[in-house]
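Reader: I have a structure open and some questions about it. Can we go through them?

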Amino acid sequence: MAKNDLIGGSLWEQYSAKVSERINNPMHRGEISEAEAKALGARLVVADWGAEACGDAVRLYWAVDPKTDRILAAKFKSFGCGSAIASSDMMAELSMGKTVDQALKITNIEVERSLRDNAETPAIPPQKMHCSVMAYDVIKKAASIYKGVDMSSLAEEDIVCECARVGLRTIKDVIRINDLKTVEEITQYTKAGAFCKSCLRPGGHEKRKYYLVDILRDTRIAMEQEKLFAQADADDFAAKNLIQKHRAIEKALGEKIRPALAADGGSLEVVDIREAEGKVNIYIRYLGACKGCVSSTKGTLQFIENMLHQELAENIRVIPV
Amino acid sequence: MNKIYLDNNATTIVDPRVKEAMEPFFCQQYGNPNSLHSFGTETHPAMRLAMDRLYAGIGAGDEDDIIINSCACEGNNHVLKGVYFDLIRNGPKSEIVTTQVEHPCVLNCCAFLESLGAKVKYMPVNADGIVDGDTLRQYIHPDRTALVSIMWANNETGLVFPVQELAKICRENGVLFHTDAVQAIGKIAVDVGRVPVDFLTFSAHKFHGPKGIGGLFIRKGLKLTPLLHGGEQMGGKRAGTVNVPYLIGMGLAMEMAVGNLAYEDSSVRRLRDRLEDTILAIPDTMVVGKRELRTPNTILASFRGIEGEAMIWDLNANGVAASTGSACASESLEPNPTFVAMGISDDLAHTSIRFSLSRFSTAEEIDQAAEVIRQSAQRLRAISSTYKNDK
């Protein structure tokens, strides 16, 4: 891409012929009046989305047959750039003939694909993809008006990247499954953040509820925690970190060894644990009757070591100090 | 279709006489001016003439420097980075003062210097859309401020900043003053003999010269660390073989631009005003900035209910080339600081279209463009979801 990116001003050259045609002559621009809807035996739905201050606003008119929920006619008006006009025009076209529920399934991705001249070449450049998102949002708005429900109840899931329609769960899953460590990797795997880049981090094109940098950080923290818990709970002594090993050793000592020593009036404490050359060296100090006992360097020591081998791992060596 | 070019603040047509003057220096007198042989030295008379024209054009004295470089963007980088090295990194000062409405080449360069530890203060414009002396006085500090960088005229609005007063304030406070005069030269009088600037930058292609060549004025006696290190060209202040044909073109372009200032101020202004009047006759339109405060060639108009990029698409389809500051495809939707300072509604932030004329604009073109603009506004408002047509 580098060679093609070095000359600027190619935004419009990346529009498909279909996009250009629809900017110049939108087929479904205009309004539907109450009278026109009535003549069709339909209910008029008028939905507004966006704002001038944000650079994009669209109004969608639907004439919906109340018996079948079918959209009999659709028109739009737009305050928006060329790609917003073309996307709104295609969105209106795609919604016609569908039921309201079917129309709700139209996404900006489908709108963009329908505007392509051929299957492989995108209809609009990446930084314009967010202009097509309005087309999706206004459908949701119209459907919520028709159904008399809150718009948020129609949301299937939390969308992080509107341009590529990638949800929060997908992004978290991809980070976990592929052990992703950078935002760039998330974009490579999911396309999230590849278009208007608003969802990458705060301070971009528009404000977002979720940002990839935050999702990545939080997911990595959660993954790290889970790993620690898993290690702590695991039976595999070798996989534990030093603190977890210490706990496991104390547990084995407390359950299996100290009671036996106590029967003879003795005890022990752990002074240090050092890992070296594939061995776990446990330095202990005898207490009570064990201190100075002849067996403490022979039989008792053997007993302690054997018990720890049995309970924890073969590579444990117990060293009295 | 007869195409009409009204984007002269972006770039201009090369004057055919400029092209003609450059011609012999491609295939005939093509020597390197630093060579000792005749191929090199035979370029010198024309180069000297070009330098004379540049010095005369901005009123520079023989002891001043005009470094020939690639463009004003390079010159602006040279000044900002050079002063940073000389007075901040290797000197006692800490701050650079500029404005919120500078060209990206100044703003992005400042952001880079901030990343290196420099403190940069961005002055707002006032309700007229310009930076005034009172604001500058609040921002500069004789001990801390190394450099003040303020454009002579704004590229978007055409508003002319009071550089004489601003430069004087800096001089009084012992602070260096730089002005990006890229939108001023050829439109209004620029005279460094009268205005005490320390550094001034310009690009030839904004005044009917070729693209890829510009100049940096440095007041006599001032030190400025080079941006490009290398050979001894430009007295060691800017390495790289001088683009001889383009320098010769820029010299002639400067002479003609300055010679045409009276025409610019009368005829171009009259055409601009004529276009502006027809735009303002369209309902719900406005033009940013008072006429008398603007360069004679620029109109930043706002058409309520029409998104900027959709408008320039439509104008382009009908043969009129203009530009928009609408941020639809940009990385940020931050509101334009000029609009905010001037109290212009957020609803108009994405509706602005810039028309910029030149001495090559004709009355027929302006009348034809006015008609295209009128029809385009009508058509786009008919499909606008926010424009109330019943008003």
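Author: What follows is a short exchange on domains, an interface and a hairpin in this predicted model.

Reader: Start with chain B. Which domains does the assignment give for chain B?

Author: Domain 1 of chain B covers 16–259, and domain 2 of chain B covers 261–382. Their centres, taken over C-alpha atoms, are 28 Å apart. The contact involves 25 residues from domain 1 of chain B and 21 residues from domain 2 of chain B.

Reader: How much area do domain 1 and domain 2 of chain B bury between them?

Author: About 2100 Å², with 59% of it on carbon and sulfur atoms. On the side of domain 1 of chain B, 28% of the buried area comes from B:Glu156, B:Lys187 and B:His208, more than from any other three residues.

Reader: And how many salt bridges across that interface?

Author: The rule finds one. Helix 9 (residues 244–259) of chain B gives four residues to the side of domain 1 that touches domain 2, the largest share.

Reader: Switching to chain A. Is strand 3 of chain A largely enclosed or open?

Author: Largely enclosed by the rest of the structure, because seven of its ten residues (70–79) are buried.

Reader: How does strand 3 of chain A pair with strand 2 of chain A?

Author: In the antiparallel sense, over nine bridges, with strand 2 of chain A spanning residues 56–65. A:Leu60 stands opposite A:Phe76.

Reader: What about the residues between those strands?

Author: There are four, and A:Asp69 takes a positive phi near 65° in that hairpin.

How values were computed. Residues numbered from 1 in each chain as written. Chains lettered and ligands numbered in written order. Predicted model: local features only at pLDDT ≥ 70, side-chain atom pairs only at ≥ 80, totals over all residues. Heavy atoms only, no water. Buried < 20%, exposed > 50% of the residue type's maximum accessible area, 1.4 Å probe, protein only. Helix = DSSP H or I, 4+ residues; strand = E, 2+ residues; numbered from the N terminus. Pairing = 2+ DSSP bridges. Domains from an automatic or database assignment. Contact = heavy atoms within 4.5 Å. Buried area = accessible area lost by both parts, 1.4 Å probe. Salt bridge = Lys/Arg side-chain N within 4 Å of Asp/Glu carboxyl O.
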